[in-house]
Amino acid sequence: TISRGTASTGTTRIGNRNLLMAYVHVGHDCVVGDNCVIANRVSLAGEVHVGNWVVIGGHAAVHQWTHIGDHVMIQGGALVGKDIPPFITVSNNDPVRFACVNRVGLSRRGFTPETISQIHDACRILFQSGLNYLNGCEEVEKQIPQSPERDRLIRFIRESQRGIIKPYSQSNEKDE
């Protein structure tokens, strides 16, 4: 089902060339970009923003007001309650966490190996260094050459209203 817009924004928008599979729910006032694949039984609560070229695995649920960046892949069954920056894949651990850079998806969409490597280096700082995200953004600006992708990643994190998903963790233990 696709819900209509409410007094909040007045519009629910679905972009072009998307595949919404069986039993997908798109809540009121959502924005879904272009070229997305949203698998069976995914639920997007109200006012969720989904970027371009996003893949959401089956049975995932996304909390209201969550933002998902461009070129993100979300593992099936994930319960997404925080914003997901562009270019990454997330696992459905409890809570959802950074898993890796979406290298395959980026390569398929024409990103150069150099650009993918630069995104990878930025994500290593942001999600694996142990720095908090604001300090991580500053470190990325110091260490990674300026590019549209680097700037988009940093801007997404700095503008997040809900907070960013958890960083990478080698342990399967749940956070307390």
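What is the mean pLDDT of the chain, and what share of its residues reach 70 or more? In this predicted model, the mean pLDDT of the chain is 94, and 97% of its residues reach 70 or more. Over residues 172–176, however, the pLDDT is below 50, and this stretch has five contacts in the model beyond near neighbours in sequence.

**A pair of helices**

- Helix 3, which covers residues 133–143, and helix 4, which covers residues 148–159, have axes that come within 10 Å and cross at roughly 160 degrees.
- Because angles over 145 degrees count as roughly antiparallel, helix 3 is described as roughly antiparallel to helix 4.
- The crossing in which helix 3 passes helix 4 is left-handed.
- On the side of helix 3, the residues that take part are Tyr-133, Cys-137, Glu-138, Val-140 and Glu-141, and they meet Arg-150, Ile-154, Ile-157 and Arg-158 in helix 4.

- An open sheet is formed by four strands, which follow the order 3-6-9-12 and are paired in parallel.
- The edges of the sheet are taken by strand 3 (25–26) and strand 12 (79–80), each of which has a single partner strand, so one side of each is left without a neighbour in the sheet.
- Strand 3 runs parallel to strand 6 (residues 43–44), and two bridges join these strands.
- Within this pairing, Val-26 has Leu-44 in strand 6 as its bridge partner.

Note on methods
Residues numbered from 1 in each chain as written. Predicted model: local features only at pLDDT ≥ 70, side-chain atom pairs only at ≥ 80, totals over all residues. Heavy atoms only, no water. pLDDT = per-residue confidence, 0-100. Contact = heavy atoms within 4.5 Å. Axes fitted to C-alpha atoms, helices over the stretch in contact; angles between N-to-C directions. Parallel < 35°, antiparallel > 145°, perpendicular 65-115°, else oblique. Left-handed = near helix turned anticlockwise from the far one by under 90°. Pairing = 2+ DSSP bridges.
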